[in-house]
Amino acid sequence: MIDETEQVKLDMEPGPLVMRNSRVNSLHRMLSDHLVTGLAVLSTIVVIAPLVSILLYLLYKGASSLNLAFFTHVPAPVGENGGGMANSILGSGIILGLASSMGIPVGIAAGVYLAEYGRGKMLGHAVRFTADVLNGVPSIVMGLAIYALIVVRQRHFSALSGGVALAIMMIPTVTRTTEEMLMTVPLAVREAGFALGVPKWRTIMSISLRTASPGIITGCMLAFARVAGETAPLLFTAFGNQFWSANLNQPIGALPLQIFVYAISPYDEWHRLAWAGALVLIMLIMVSVSLVRIVASRGILKGNQ
Amino acid sequence: MTDSTRVQVPHIVVNDPGVSLEPGPVNTGPDSIVRQYLNKRSAGKFADGTFGTVMLLSALSIFMIVGLIVFTLTTGSKLSIHEFGWKFFVRSAWDPVNGDFGAMTFIFGTIATSLLALCISVPLAIGVAVFITEMCPEQLRTPISFLTELLAAIPSVVYGLWALFILVPIMRDQLGPFLVKTLGWTGLFGGDNFGIGILTASIILAIMILPVISSITRDVMRAVPINQREGMLALGATRWEMIRTGVLRNARIGIVGAVILGLGRALGETMAVTMVIGNRPDIAKSLFAPGYTLASVVANEFTEATDDMYVSALVEIGLALFLVTIVVNAIARLLVWAVTRGTPPRSA
């Protein structure tokens, strides 16, 4: 940096030698500038290429093997063609419903604590930090812990344990987004509530949360989308099931689990179904996320916080 | 940021403080009985206290979750810890039949794949972050950042599927032979190349951790004040000099944090790696050789583990993974926080 400022000074009173040096120097600087720009553009392209490749392949392979049977049939036995993943789609729905109904309320409440009660407190910082760290815990470890906690006690795999595992994974994400969204609500709005004599809890419920609700809903959907594709924590909790089951106390099928089982199998027919399953999984995630976003932005959900 | 939310407001209507109310949906109808009831009764100190306690308990439940995880994993792995002690982590035996266990090969696999993945993804991630924050035309910024975030939304098992059917053949037929021809002298690319192995696993890991690193690097770079950039440009610096000395140098601690966060993600990634690494407990010099990671051995063998010592050894691996990722994440969070505190959260 110092060299360059000196260079600028020298440029003001150019002698012949300095002039040449400065030309070479500025050519060098210009070239390295262009080189780096090129590298940055190149790396962006390199990064986007696999994404495009994944999405295209998914569409190509998945769409060509999707049919009605996929949505209405249970998996066919080995050696038979056809069959679908209807039970896994139902199972994923049940597990995700369970997870959301447990994880989202706790996550929002913890976020409210951080933003409205814990600002600047030691405990608030500790909770925030723990939530961030919990967010990075590998999902397979979560599955192990829930296995030891619930499955071992129950003595069998169950949909319930899968739901709990995913709920725990949702909590930190929901907490942090709720907190961040509540932080964006101006203090003056809350103070107006207090000035009217509204107690703190009503102020939080009807003013802060309501103002921040679109952001919070988006955060919840992101957490939902993240756990919807999780396979590792379900391996030893929900376990998977080849037949119809809606019993919370029994092993249950899940879309990501079924994709995993089919992908590592040696049969072409099952690979085909795995691609179809992957396409359906991504579609389900994207459709549910965008649906809730649309509904939230229309204001239908806004009052319910 | 200030503490003024905690201003104590006198309760004007204090009616019957003994009534506890669970917060519920508020009916907005004008004449609703619920509304009238709430208006009359809701100002109690008791309700406020209850609400505050429920929120506090929810926040504390996060500690409880971490505590429970540690507790269950420690009790689950007691047998193995007692039998093998700390030597568990330096022994490379893995013999379920004779009950002889050691985690060295898995630790090697995990570290090798994670570091290799970092080597591939860090330069790319920083390049993308630099492009998006400093160079990109305004119209391209949103679609490109949306696309890179989309990478993070794809489930791990779908990455695995893609890697298994697209990346593995490419590795086997094109990239692998190319690497042998150009870099074969390093000795890192010896042996048979089946397409599955440590290198393939590292590539898929690199793709998966890229969005994490690049989005946090972007946040950190955005936290550098605009004056720094203007100052550099006013001194006659080119754009690259401005980025290097004005932005990257100021943001370096946060970028290191982002990289460590990516490392944490890579260490614990399970499904995609399990599908392409080959799953053989072996320490090989060649990057084409199959390996095994901590997370994938748990995923593969836990449901098949029959005797107690086997289960216990796998749980101990899980515990080790948990503790390592906790430490790695804590360090990363502290570094990122040191740079970005005081800047508003990203809106998009």
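Helices here are DSSP runs of H or I with at least four residues, strands are runs of E with at least two, and both are numbered from the N terminus. The model shown in these views is predicted.

**View 1. A:Met30 sits in helix α2 of chain A.** A:Met30 is exposed, because 12 or fewer other C-beta atoms within 10 Å is the cut-off and A:Met30 has 12 C-beta neighbours inside 10 Å. For a sense of scale, pick out A:Asn241 as well: its C-alpha atom lies 62 Å from that of A:Met30, and the two residues are 211 apart in sequence.

**View 2. Chain A meets chain B.** How many residues does each chain bring to this contact? Chain A supplies 83 residues and chain B supplies 86 residues. On the chain A side, helix α2 (residues 16–65) gives the largest share, with 19 residues. Sorted by type, that side of chain A holds 56 nonpolar, 17 polar and 10 charged residues.

**View 3. Two domains are assigned in chain A.** Domain 1 covers 2–65 and domain 2 covers 71–304. Where these domains of chain A touch, six residues come from domain 1 and seven residues from domain 2. The domain 1 side of this contact in chain A comprises three nonpolar residues, two polar and one charged.

**View 4. A:Phe239 has a positive phi without being a glycine.** Its phi is about 70°. Most residues other than glycine have a negative phi, so this is a backbone spot to look at with care. A:Phe239 belongs to the loop that connects α9 (200–228) with α10 (255–263) in chain A. Is the residue buried or exposed? A:Phe239 is buried, since 22 other C-beta atoms lie within 10 Å.

**View 5. A:Trp270 lies in helix α11 of chain A.** This helix takes in residues 268–298. A:Trp270 counts as buried because 20 C-beta neighbours fall inside 10 Å, and 20 or more is the cut-off for that class. Leaving aside residues up to four places away in sequence, A:Trp270 touches A:Tyr262 and A:Ser265.

**View 6. Chain B has 12 helices and two strands.** Follow the chain from its N terminus and the elements come in the order α-α-α-β-β-α-α-α-α-α-α-α-α-α. Of the 348 residues in chain B, 47% are buried. Among its contacts between residues at least 6 apart in sequence, 77% link residues at least 24 apart.

**View 7. Helix α9 of chain B carries a kink.** The kink is about 65° and is centred on B:Arg252. What distance do the end C-alpha atoms of this helix (residues 239–268) span? They span only 38 Å, whereas a straight helix of 30 residues would reach 44 Å at 1.5 Å a residue. Because 21 of the 30 residues of α9(B) are buried, the helix is largely enclosed by the rest of the structure.

**View 8. B:Ile204 and B:Val276 touch the most other members of the largest nonpolar core.** That core contains 192 residues. Helix α7 (residues 198–222) of chain B contributes the largest share of this core, 16 residues. Setting aside residues up to four places away in sequence, the partners of B:Ile204 are B:Tyr159, B:Ala163, B:Leu167, B:Ala272 and B:Val276.

**View 9. B:Asn279 is another residue with a positive phi that is not a glycine.** The value is about 55°. B:Asn279 is placed in the loop running between α10 (271–276) and α11 (294–301) of chain B. B:Asn279 is classed as buried because 21 C-beta neighbours lie inside 10 Å.

**View 10. Helix α11 of chain B is mostly covered.** Six of its eight residues are buried: B:Leu294, B:Ala295, B:Ser296, B:Val297, B:Val298 and B:Ala299. Which elements cover them? From chain A the cover includes α6 (139–154), and from chain B it includes α4 (104–135), α9, α10 and α12 (308–340).

Conventions: Residues numbered from 1 in each chain as written. Chains lettered and ligands numbered in written order. Predicted model: local features only at pLDDT ≥ 70, side-chain atom pairs only at ≥ 80, totals over all residues. Contact = placed C-beta atoms within 7 Å. Nonpolar A, V, L, I, M, F, W, Y, C, P; charged D, E, K, R; others polar. Domains from an automatic or database assignment. Expected span 1.5 Å × (residues − 1). Bend = angle between axes of the 7 residues up to and from the residue. Core = buried A, V, L, I, M, F, W, Y, C linked by C-beta atoms within 7 Å.
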